[in-house]
Amino acid sequence: MEPILLNIPGSFTSSRLLIRAAQWGDGAAVNEAVHESLAELRPWMPWAQIAPTAEESEASIRRSHLQFLERKDLRLLLFNKETGQLVGSSGLHRIDWQTRKFEIGYWVRTSCSRQGYISEAVAAIAEYAIRELGANRIEIRCDSRNTQSARVAERLGFTLEGIIRNDKRDVAGTLRDTLLFSKVRGVEY
């Protein structure tokens, strides 16, 4: 099966969110949210070490849009349905189409944190991966020190499969451990 031939919906909703593929022109909203949230993103996100320019954010959005169309990476933006404000970003990454394995990543803008938006989005995205993409395995990986990210996975019933020791370097260059959570077809759904 050639993934580019898959008809994948570019948007869907949860109770409070419009979740959709990145589109040209979204760079300004992403740039604003990243700038607002740099202090909270810096410890975990290598791309958040230096504040991006508006042009860099738009270029990133355009690359994401093309990757979505090519089915290489499915970046999704999270918008509040009532206000239209960008709440954060998520998506399905490190895709293995033969296995139908996906990894969900996420971040939330500071002014929208601790309001349940990410849990709501991740639950909807996992359901989207199962229903629309035939997911057999969905993973969430995070730095072992990122307790907020780990709590999202735990809250949504992902199973902690293990700790991958000295898996990556953190933003300071120090070796870090990675928590690996998953949901597997036939076990959790």
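User: In the hairpin of strand 3 and strand 4, which residue takes a positive phi?
Analyst: Gly84, with a phi near 80 degrees; that hairpin has 5 residues between the strands. Before we go on, this is a predicted model, where local features need pLDDT of at least 70, side-chain atom pairs count only at pLDDT 80 or more, and totals for chains, interfaces and linings use all residues. Residues are numbered from 1 along each chain as its sequence is written, and side-chain values use heavy atoms, with hydrogens and water left out.

User: And what counts as a strand or a helix here?
Analyst: They're DSSP runs numbered from the N terminus: helices are H or I with at least four residues, strands are E with at least two.

User: OK, how many bridges hold strand 3 and strand 4 together?
Analyst: There are 6, and the pairing of strand 3 (residues 74-80) with strand 4 is antiparallel. Two strands pair if DSSP finds at least two bridges between them. Phe79 sits opposite Leu86 of strand 4.

User: What about strand 4 with strand 5, parallel or antiparallel?
Analyst: Antiparallel, with 7 bridges to strand 5 (residues 101-108). Gly88 has Val108 in strand 5 as its bridge partner. These two strands also make a hairpin, with 4 residues between them, and Arg100 in the turn has a positive phi of about 65 degrees.

User: Is strand 4 mostly covered or exposed?
Analyst: Mostly covered: 9 of the 11 residues in strand 4 (residues 86-96) are buried. Buried means under 20% relative accessible area, exposed is over 50%, and partly exposed is in between, using a 1.4 Å probe and protein chains only.

User: Switching to helix 4, which residues are buried there?
Analyst: In helix 4 (residues 147-155), Ser149, Ala150, Val152 and Ala153 are buried. They're on the same side of helix 4 because they cover an arc of only 150 degrees around the axis, taken from the directions from the helix axis to the C-beta atoms.

User: What do they pack against?
Analyst: The buried residues of helix 4 pack against strand 5, helix 3 (117-133), strand 6 (137-143) and strand 8 (175-184). Contact means heavy atoms within 4.5 Å. Just after helix 4, Gly157 has a positive phi of about 80 degrees.

User: Last one: where's Glu56, and how far is Leu69 from Glu56 in space?
Analyst: Glu56 is in helix 2 (residues 54-70), and is partly exposed at 45% relative accessible area. C-alpha to C-alpha, Glu56 and Leu69 are 20 Å apart, with 13 residues separating them in sequence.
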